[in-house]
Amino acid sequence: MKIKFCGAAQEVTGSSHLLTLENGFKILLDCGLFQGDVDNLEELNSTWFFDPKEIDLLILSHAHIDHCGRIPKLVKDGFRGNIFSTHATRDLSAIMLMDTAHIQERDAQFHNEKMLAKLRTNKNYKGKLEERVPLYNSQDVVNAIKLFVGMSYDQLIEISPGIHLLFTDAGHILGSASVNLRIKHGGDDLRLAFSGDIGRPNRPILSDPHPMLPSDIVLTESTYGDRLHIEKPAEKNRFLDIINQTCIQQKGKVIIPAFSLGRTQEIVYILDQLEHEMRLPNIPVYVDSPLAVNATDIFRTHPECFDYDLHQYILKDPDPFGFNTLHYITDVNESKKLNTSNDPCIIISAAGMVNAGRIKHHVFNNISNPNNTILFVGYCSPNTPGGILRSGAPTIKMFNEIMKVNAKIEIMDSFSAHGDQKEMLDFLANQINTSQRMFLVHGDADTQIIYKDKLKHEGFKNIEIPALGEEVNL
């Protein structure tokens with residue numbers, strides 16, 4: 001048997017790992033999009049480390065684009081097997097992938113129209129007209145979703161002769177799962193576990209991460225393997241202090257860049273709690289993201305993923321994602337009106353790294369006002385606008401203008417959906433006596449070196465940091 005690491009190897013995007021069994025049967029774990037500041041990004045997303053037609057089945061850990069974002073291209077290029085995921089992951093993947101397809105289609109159209117306009121206005125233009133083609137389109141997404149097979153947590157199911165799969169709750173986002181495989185190997189079973197992304201205990205909405213089944217081979221994420229989160233998950237009182245200082249004392253706006261899936265729903269739920277406790281100021285709250293609106297609707301339909309506290313809360317408040325001053329915005333004209341309004345408010349909008357979407361306009365129009373606050377609630381790649389602002393830069397270039405950063409920049413990493421070093425070690429504790437080989441994936445190389453040393457200190461053995469495209473024999 002072999003494992004080839006086809007993404008998220010010494011980096012944090014493009015999650016994809018190919019398991020080839022002795023008889024040639026091929027299982028792909030995740031099929032994510034490479035994102036951010038990655039060398040050869042376009043080439044990595046448009047080519048494969050394998051032949052998609054040869055993949056027999058795909059197992060998907062969760063619906064974040066860096067884990068599922070290339071599935072439609074996989075299908076477009078010849079994959080025809082089943083895609084196994086939890087029920088919530090299937091529903092979320094449908095809207096996430098369709099949104100990604102629409103973005104690619106619009107970007108390609110904009111690029112091609114811009115090139116044609118250049119040719120019309122400059123007849124002496126000698127540049128080559130390279131038509132941009134989307135990685136995949138909406139129909140490719142439809143074709144991919146037809147292949148999904150939904151499964152519940154904690155059910156051991158034979159997905160192919162001699163191959164059993166069980167999903168355990170990873171506690172990362174709605175429907176996120178760790179993958180537990182039992183593969184017949186001679187007279188014995190090979191036990192393989194893939195963590196997916198490991199969540200944090202005691203976070204709102206979701207159940208705590210459940211430990212994987214003790215296994216021989218362990219693939220585990222390492223995103224925050226070199227650090228500890230200082231704050232407790234979703235520290236409500238500090239959040240309220242930021243709102244009161246900005247919106248009530250300074251009459252300004254709180255602008256929150258937040259990913260549409262997971263982070264937005266957590267923020268809305270906490271605001272709902274504050275409103276229920278009659279502590280939230282009487283100011284409008286806007287969720288300005290069509291994708292976030294759709295994702296929130298899916299959250300409402302999957303209470304099986306909720307934790308005990310949320311189930312108890314629903315007995316008092318049937319809709320934890322809605323209150324009187326909350327407004328969900330899908331129309332682009334309504335979004336534009338927020339940029340010209342000077343009224344105190346809270347705006348939650350995507351994308352979380354301020355590198356795309358409506359949030360770019362909200363930040364652009366509010367960054368120079370010292371009465372406003374830009375509140376970051378998640379990780380931003382260093383070279384994205386979000387990463388630049390988080391680093392304390394005095395100016396930032398947006399829409400070809402240099403803007404002074406007069407607004408207050410606040411950071412609340414208590415909303416992080418990734419476990420820190422200790423939380424990941426606690427999650428892996430039941431693997432110490434069984435793990436024969438451990439592979440660190442989904443983490444920056446420098447972080448992985450630190451995390452590897454910590455794992456060795458805790459008693460784990462045979463820990464490896466695979467490179468992109470590396471294939472190892474089991």
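Among contacts in the chain between residues at least 6 apart in sequence, what share joins residues at least 24 apart? In this predicted model, the share is 75%.

The overall dimensions come next. The chain has 474 residues and a radius of gyration of 23 Å. A compact globule with that number of residues would have a value near 23 Å, so the chain agrees with the globule rule. The C-alpha trace spans about 70 × 65 × 40 Å along its principal axes. Of the 474 residues, 57% are buried.

The secondary structure consists of 14 helices and 22 strands. Six of the strands, written 6 in the strand count, form an open sheet. Their order is E14-E13-E15-E12-E16-E19, and the pairing is parallel. Strand E14 (326-329) and strand E19 (408-411) are the edges, each pairing on one side only. From one strand to the next, the twist averages 20 degrees.

Strands of a sheet pair through backbone hydrogen bonds, in either a parallel or an antiparallel manner.

Helix H7 (residues 263-276) lies across strand E12 (253-257), E13, E14 and strand E15 (345-349). The helix runs at about 155 degrees to E15.

Note on methods: Residues are numbered from 1 along each chain as its sequence is written. This is a predicted model: local features need pLDDT of at least 70, side-chain atom pairs count only at pLDDT 80 or more; totals for chains, interfaces and linings use all residues. Side-chain values use heavy atoms; hydrogens and water are left out. Two strands pair if DSSP finds at least two bridges between them. Helices (H or I, at least four residues) and strands (E, at least two) are DSSP runs, numbered from the N terminus. Axes are lines fitted to C-alpha atoms, for helices over the stretch in contact, and angles run from 0 to 180 degrees between N-to-C directions. Contact means heavy atoms within 4.5 Å. The radius of gyration is taken over C-alpha atoms; the globule rule is 2.2 Å times the number of residues to the power 0.38. Buried means under 20% relative accessible area, exposed over 50%, partly exposed in between (1.4 Å probe, protein chains only).
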